[in-house]
Amino acid sequence: MYFHLRAVPPSALRNSANWLQRLFEDDWTTVRRRIDRHREEFLYRHHPDHDLLYAGSPPHRSDDGPGADVVLGGSPVPHPDPGHPPFLLLPAARAAQVAAFLTATDIAELWQNSRDTLLPRYGGPPAEEQTRTLFASVHRDLTAFYARTAEYGDAVVKCLLT
């Protein structure tokens with residue numbers, strides 16, 4: 001299971017579950033090229049922990065600020081298969097706010113604020129350096145993704161894939 005984020009030009013964006021489903025059906029070679037250009041990003045099975053890092057403990061409200069939109073924020077669009085979670089749409093203006101938030105955010109401060117909650121899930125104090133490094137790496141990737149998205153004026157579409 002992984003969480004997939006993709007930049008989409010606002011003019012191409014459709015509020016259609018079938019269109020959104022097709023958006024995430026590209027082959028791995030195509031996806032990898034977009035990842036290399038910071039046009040797509042993946043969060044593997046720990047995406048709720050990354051959401052906690054940025055947004056704090058759920059439930060989140062729409063006015064919680066751009067940190068709440070980094071991972072699990074956005075307007076839901078029901079998936080065509082009712083057994084799947086909804087797609088999430090983040091408009092271009094909100095994606096730009098998330099980019100500014102990530103660019104200005106100190107990952108060390110975020111880690112300190114969520115350390116006590118996250119660290120036990122990853123092996124406790126003996127694994128702290130490795131765990132902090134993992135979160136810092138994902139932070140760099142998400143920052144690059146959102147910065148490029150904002151640079152192009154794009155929206156973000158999110159999908160949980162199994």
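**A pocket and a strand**

Hi everyone, let's start with the lining of the largest pocket: Glu41, Phe42, Leu43, Tyr44, His46, His50, Leu134, Ser137, Val138, Asp141 and Leu142. This is a predicted model, where local features need pLDDT of at least 70, side-chain atom pairs count only at pLDDT 80 or more, and totals for chains, interfaces and linings use all residues. Residues are numbered from 1 along each chain as its sequence is written, and side-chain values use heavy atoms, with hydrogens and water left out.

By pocket I mean an open set of points on a 1 Å grid over the protein atoms alone, where a 1.4 Å probe fits, with protein on both sides within 12 Å along at least five of seven lines; lining residues have an atom within 4 Å of a point. The volume is about 180 Å³, taken as the space filled by probe spheres set on the points.

Which element gives the most to this lining? Helix H6 does, with five residues. Strand S2 (40-44) and H6 (128-152) each supply at least two; helices (H or I, at least four residues) and strands (E, at least two) are DSSP runs. By type, the lining has six nonpolar, three polar and two charged residues.

Now over to strand S4, residues 87-90. Phe87 and Leu89 on one side, and Leu88 and Leu90 on the other, are all buried, meaning under 20% relative accessible area with a 1.4 Å probe, protein chains only. S4 runs antiparallel to S3 (residues 75-77), joined by three bridges, and serine 75 has leucine 89 as its bridge partner. Three bridges also join S4 to S5 (residues 155-161), again antiparallel, with leucine 90 partnered by valine 156.

Conventions:
Ala, Val, Leu, Ile, Met, Phe, Trp, Tyr, Cys and Pro count as nonpolar, Asp, Glu, Lys and Arg as charged, and the others, Gly among them, as polar. Buried means under 20% relative accessible area, exposed over 50%, partly exposed in between (1.4 Å probe, protein chains only). Two strands pair if DSSP finds at least two bridges between them.
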